[in-house]
Amino acid sequence: MSNVTSKEGVIRDSNLYAHYVFKAFDVNCNGAISFRDLLVTLSTLLRGSIYEKLRWTFKLYDINGDGCISRSELTQIVQAVHELMGRKNQTDAARKAKEQIDFVFRKLDLNDDGVVTLEEFIESCLKVSTQLEKSIESCLKVSTQNLRNL
Ligand SMILES: [Ca+2]
Ligand SMILES: [Ca+2]
């Protein structure tokens, strides 16, 4: 079995996000992505229910796999994304990252206990997607009405 991260010894910053995604693909957590892992993950992402997709995303964010997302885990993911996008200005990036983390945490941590559980994650994400669906629906309604009026 090959382990991409341990072979290289140090995980370089630009590879951080890839490292987290790798971990989320590694279904049985043995340090390698087998063909089966790939199939399971792809079918979840492509054909899975909204719950399955959210569960996968939750797993990506729950870096130490203890069943909840801590502020420091979210910080690591957000920083990895910023590094991926090649943000040069460190102070600016750190400030932006902190703002995003505070915002997301306020939305996700429903009982305000400092960690986000899978239940909280799914509940708040579903709320956001329902709002999004509603606004898309109303946009569609408006445009169909406009078409009828033509
Ligand atoms: Ca965790
Ligand atoms: Ca909580």
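**Figure 1. Y61 in helix 4.** Y61 is found in helix 4 of this predicted model. The residue counts as buried because 20 other C-beta atoms lie within 10 Å, and 20 is the number at which a residue is classed as buried. Leaving out residues up to four places away in sequence, Y61 touches I69, E73, L74 and I77. Q76 is 15 residues from Y61 in sequence, and the C-alpha atoms of the two are 8.9 Å apart.

**Figure 2. The largest nonpolar core.** Nine residues make up the largest nonpolar core: Y20, F58, Y61, I69, L74, I77, A80, V116 and F121. Helix 4 (50–61) and helix 5 (71–84) are the elements that give two or more residues to this core. Helix 5 supplies the largest share, three residues. In soluble globular proteins, nonpolar side chains tend to be buried together.

**Figure 3. Surroundings of I69.** I69 is one of the residues of the largest nonpolar core. Beyond four places in sequence, I69 is in contact with Y61, D62, L74, V115, V116 and F121.

**Figure 4. Packing of helix 2 on helix 5.** The axes of helix 2 and helix 5 are 7 Å apart and meet at an angle of about 125°. The two helices are therefore oblique to each other. From helix 2, the residues in contact are L16, Y17 and Y20; from helix 5, they are I77, A80, V81, E83 and L84.

**Figure 5. C29, a residue with positive phi.** C29 lies in the loop between helix 2 (16–25) and helix 3 (35–47). Phi of C29 is near 55°, a positive value in a residue other than glycine. Most residues other than glycine have a negative phi. C29 counts as exposed because it has 9 C-beta neighbours inside 10 Å, and the class takes in residues with 12 or fewer.

Figure 6. The loop between helix 6 (90–108) and strand 2 (115–117) holds D112. D112 is not a glycine, yet its phi is positive, at about 60°. With 7 C-beta neighbours inside 10 Å, D112 counts as exposed.

**Figure 7. Spans annotated as EF-hand.** An unreviewed UniProt entry carries the annotation "domain: EF-hand" for residues 13–48, 49–84 and 96–131. In the model, residues 49–84 are 72% helix and 8% strand, and the end C-alpha atoms of this span lie 28 Å apart. Residues 96–131 are 75% helix and 8% strand, with end C-alpha atoms 25 Å apart.

Figure 8. The protein chain has seven helices and two strands, which run α-α-α-α-β-α-α-β-α from the N terminus on. Of its 150 residues, 8% count as buried. Among contacts between residues at least 6 apart in sequence, 48% join residues at least 24 apart. The chain averages a pLDDT of 82, and 89% of the residues score at least 70. Over residues 1–10, pLDDT stays under 50; for this stretch the model has ten contacts beyond four places in sequence.

Key: Residues numbered from 1 in each chain as written. Chains lettered and ligands numbered in written order. Predicted model: local features only at pLDDT ≥ 70, side-chain atom pairs only at ≥ 80, totals over all residues. Helix = DSSP H or I, 4+ residues; strand = E, 2+ residues; numbered from the N terminus. Contact = placed C-beta atoms within 7 Å. Core = buried A, V, L, I, M, F, W, Y, C linked by C-beta atoms within 7 Å. pLDDT = per-residue confidence, 0-100. UniProt positions renumbered as here; feature names shortened; annotations may be inferred. Axes fitted to C-alpha atoms, helices over the stretch in contact; angles between N-to-C directions. Parallel < 35°, antiparallel > 145°, perpendicular 65-115°, else oblique.
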